[in-house]
Protein chains: 2
Amino acid sequence: MSIQHVLLGVLEARPMSGYELTQLFSASTRWVWSAPQSQIYPALKTMEAAGLITGEQLQTGGRVRTVYSITEPGLAELRQWIGTAHPSPPSRDALDVQALYFDLVEPAVAKRVLTEFIAEQQAAAEHATAHSARLLAKDTELLRERLSHRPAAEHDRMARLKAHVFAGQAAVAEARIAWAREGLRLLDEA
Amino acid sequence: MSIQHVLLGVLEARPMSGYELTQLFSASTRWVWSAPQSQIYPALKTMEAAGLITGEQLQTGGRVRTVYSITEPGLAELRQWIGTAHPSPPSRDALDVQALYFDLVEPAVAKRVLTEFIAEQQAAAEHATAHSARLLAKDTELLRERLSHRPAAEHDRMARLKAHVFAGQAAVAEARIAWAREGLRLLDEA
DNA sequence: GAGTGCATGTAAAGTGTTACATGATTAC
DNA sequence: GTAATCATGTAACACTTTACATGCACTC
């Protein structure tokens, strides 16, 4: 179900084609969610059949593409989903399992695993922090689209709420970095 | 693949039956990993066929059960997996998406979602902290099994490494709680 | 004898990933 | 003309969850 709600959330900003959505959700974008295009096109079909979105054939230059817009029922479904607490899925972190058994490998090997993890999380933290700052400055295309159909009085609050999400991602990444550094120390102890 | 490595890690402590493993991995245990029994039994069959574990029929009282032990190739595979850095799966957190669109619902509704999340994470943090303390005190059945076939000189280090994993889970939960509390504040702002 | 716990499976469905496949348009 | 980008799909597989199913042993 989730992918559908995430798509609804994006389409609330403005109508988009499947291709635009695949760009936004591609792993390289590292947005809050990622999904391969093989998942997005079928989901759009399903959602259109369910009446949550409507597709319209548009001609841009010589190109034809199907642009999907969120419908009233789609918006209602989105609001309903946002307002419902969904229990967190059971934690399933491979690194936690690896770390649990670090005593089975050479300390140097374990340290390399943690070092690579730290580098990865640092990149994630920086990315999230930068995106948070951009949102706070209302400096992303999607946010500007959203603000354009909302009263100016709400703009600051909206930007702060959205920036906060990415600030939270950065905070989690930093907590995990601190944890990994402590792990490096522990591996050196006798 | 992961479930197989997690199972190998557990079986490194001592041989176990499928039933024991399902107990350990049941959602209620809230260990580092969870898996339903429908996943565990087929995985054990696959692993036995691959030579990573061997099953032995044992009679306990009037009961027959198949007890699986890790083999040399299984231990080698486990060590290999532990020593390899696996890139983190793309983040896919429903609450992050919900929070991104909190401006679409009443503040009171959004606050209820965050409040429930905080309660959930607090429970998780307490559970992880308690388990970390138990490991540090070498006060879990599984850890004692592991220590029993390892030199005493390594015991403290092993306990510290394992306790550290759950301390990390608690730290992440606490970071998310702090984030959610800040979210509650932001929702009240104009 | 009835209920709980031990013990082991299969089936169906949902979700997600990787790979394969195609064709048109625009920019160089 | 050729490469990159736009644009849209299908197929096969892996992983996970929920539900269905069975039967024996032990306790009350």
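1. In chain A, A:Ser17 stands opposite A:Val67 of strand β3(A), and the two strands concerned, β1(A) and β3 (residues 63-70), run antiparallel and are joined by 2 bridges. Strands here are DSSP runs of E of at least two residues, and helices are runs of H or I of at least four, both numbered from the N terminus; two strands count as paired if DSSP finds at least two bridges between them. This is a predicted model, in which local features need pLDDT of at least 70 and side-chain atom pairs count only at pLDDT 80 or more, whereas totals for chains, interfaces and linings use all residues. Residues are numbered from 1 along each chain as its sequence is written, chains are lettered from A and ligands numbered from 1 in the order in which they are written, and side-chain values use heavy atoms, with hydrogens and water left out.

2. The sheet of chain A is open, with 3 strands in the order β1-β3-β2 and antiparallel pairing. Because β1 (16-17) and β2 (53-60) of chain A each have a single partner strand, they stand at the edges, and one side of each is left without a neighbour in the sheet. Between β2(A) and β3(A) there are 8 bridges in the antiparallel sense, with A:Gln59 opposite A:Val64. These two strands form a hairpin with 2 residues between them, and A:Gly61 in the turn has a positive phi of about 60°.

3. Chain B likewise contains an open sheet of 3 strands, ordered β1-β3-β2 and paired antiparallel, in which β1 (16-17) and β2 (53-60) are the edge strands, each pairing on one side only. Strand β2(B) is joined by 8 bridges to the antiparallel strand β3 (residues 63-70), and B:Ile53 stands opposite B:Ile70 of β3(B).

4. B:Ser17 belongs to strand β1 of chain B and is buried, with a relative accessible area of 4%; buried means under 20%, exposed over 50% and partly exposed in between, with a 1.4 Å probe and protein chains only. Its contacts (heavy atoms within 4.5 Å), leaving aside neighbours within four places in sequence, are with B:Arg65, B:Thr66 and B:Val67. A polar atom of the side chain of B:Ser17 also lies 3.2 Å from the backbone nitrogen of B:Glu20.

5. The largest nonpolar core has 55 residues, and those with the most contacts inside it are A:Phe102, B:Leu7, B:Val10, B:Leu21, B:Phe25 and B:Trp31. A core is a set of buried Ala, Val, Leu, Ile, Met, Phe, Trp, Tyr and Cys residues joined through side-chain atoms within 4.5 Å. Another core, of 54 residues, lies apart from it and includes A:Met16, A:Phe25, B:Ala110 and B:Val113.

6. Around DNA strand C there are 18 residues, of which A:Met1, A:Ser38, A:Gln39, B:Tyr19 and B:Arg63 come nearest; a residue is near the strand if one of its heavy atoms lies within 4 Å of it. Sugar and phosphate account for 62% of the atoms of DNA strand C that come within 4 Å of the protein. The largest share of the surface near DNA strand C, 4 residues, comes from α3(B).

Key:
Polar contact = N/O pair within 3.5 Å; in protein donor to acceptor, adjacent residues only side chain to side chain.
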